[in-house]
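Please read the following walk through the model with the coordinates open beside the text.

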Amino acid sequence: MSAVNETKFQFTIFLLTGIPGKEDVYLWISVPFCLIYVLSIVGNSVILFIIKTDPSLHEPMYIFLSMLSITDLGLSISTIPTILGMFLFNSREISLDACFAQLFFIHLLQCMESSFLLLMAFDRFIAICNPLRYASILTPWRLSKMGLLCVLRGVVLVLPFPFLLKRFQYCRTNILSHSYCVHQEVMNLACSDITVNNVYGLSTLVLTIGLDSLLIFLSYVMIFKTVLNVVSHAECLRVLNTCVSHLCAVLLFYLPEIGLSVIHRFGNSSSHLLQFVLGYFYLLVPPLMNPIVYSVKSKQLRARIIRMFIN
């Protein structure tokens, strides 16, 4: 009898959620999302165009930055259209397959972003701790292999997500708490045992976000140890200044990502507002802010951008 009921009430679509109780001002709420979308696309496209067309920027640091910009473009394109559809046209319905595809790309791109931030930390570590071997270690061939390995790691770890979710029936509720799909939330809507998904999702989080953030932390421990041995105070500040933009990007990405993952698994009803804020922050703000932070802190990049728009 229960099996018949499960089949009878199995949902074939999910319903996206905007901001409950604010439906009358959705059009106005869509304005900042539109601006974020446009600025993210334009900002990262400009970064990519400048790095591609300026031979002086064909250095490891800027190549890693271009990888980060491609990932940020992908994140914006895979998430913001459904958010805008929700707020502009009240388009709440999303099929299960479309939801699984979206969450695959979101988690894949986040895994890649974490990997590229780790590569950028490695770049700073080599540049500061072993500058004489910088050019011989970070050769173009090695850079391409490192980028490819980051993509492959993401695909291998994230590909099981949609297949693990596809085997479930969704008969409890079909209402998501955001305007996009993520694995942690979708699995909680299943009317089956989600232990495997929980364990695999947590393991993936530890192997990507956890491991990468730990390695980045250790890289900066070694960097600060090296910098503190520099006699000149001015030289010490100059070296640290080359790391500021990367540190900003790391904090913008990891803090809300880790916070949201903890809330999804261990949070309670009192954390809904924080979950809502972090849920949009960790997807929308890094693609928006990374081009701004790097353009402000990099003299070469800033000068090239100014020259492009003035000419």
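A contact, as the word is used here, means that heavy atoms lie within 4.5 Å. Among contacts in the protein chain between residues at least 6 apart in sequence, 80% join residues that are at least 24 apart. The model is a predicted one, in which local features need a pLDDT of at least 70 and side-chain atom pairs count only at pLDDT 80 or more, whereas totals for chains, interfaces and linings use all residues. Residues are numbered from 1 along each chain as its sequence is written, and side-chain values use heavy atoms, with hydrogens and water left out.

The protein chain has 13 helices and 2 strands, where helices (H or I, at least four residues) and strands (E, at least two) are DSSP runs numbered from the N terminus. Along the principal axes, the C-alpha atoms fill a box of roughly 75 × 45 × 35 Å. The radius of gyration, taken over C-alpha atoms, can be set against a globule rule of 2.2 Å times the number of residues to the power 0.38; for 311 residues a compact globule would have a value near 19 Å, and the 21 Å of the protein chain agrees with this.

Of the 311 residues, 48% count as buried, a class that means under 20% relative accessible area, with exposed being over 50% and partly exposed in between (1.4 Å probe, protein chains only). The accessible surface, which comes from the Shrake-Rupley method with a 1.4 Å probe and, for residues, counts only the protein chains shown as cover, amounts to about 15600 Å², and 72% of this belongs to carbon and sulfur atoms. The chain carries 20 positive and 15 negative side chains, and the centres of these two sets lie 9 Å apart; Lys and Arg count as positive and Asp and Glu as negative, while His and the chain ends are not counted, and each charge is placed at NZ of Lys, CZ of Arg, CG of Asp or CD of Glu.

Confidence is expressed as pLDDT, the predictor's confidence in each residue, from 0 to 100. The protein chain averages 86, and 93% of the residues score at least 70. Where pLDDT is low, the predicted coordinates should not be read in detail.

Leaving aside neighbours within four places in sequence, Val227 is in contact with Ile128, Cys236, Val239 and Leu240. Tyr294, in helix α12 (residues 272-297), is buried as well, with a relative accessible area of 6%. Not counting residues up to four places away in sequence, Tyr294 touches Leu65, Leu68, Met120, Ser245, His246, Ala249 and Leu301.

Pro32 lies in helix α2 (residues 26-53) and is partly exposed, with a relative accessible area of 40%. Asn90 belongs to the loop between α3 (60-89) and β2 (93-95), is partly exposed at 48% relative accessible area, and has a phi near 55°, a positive value in a residue other than glycine.
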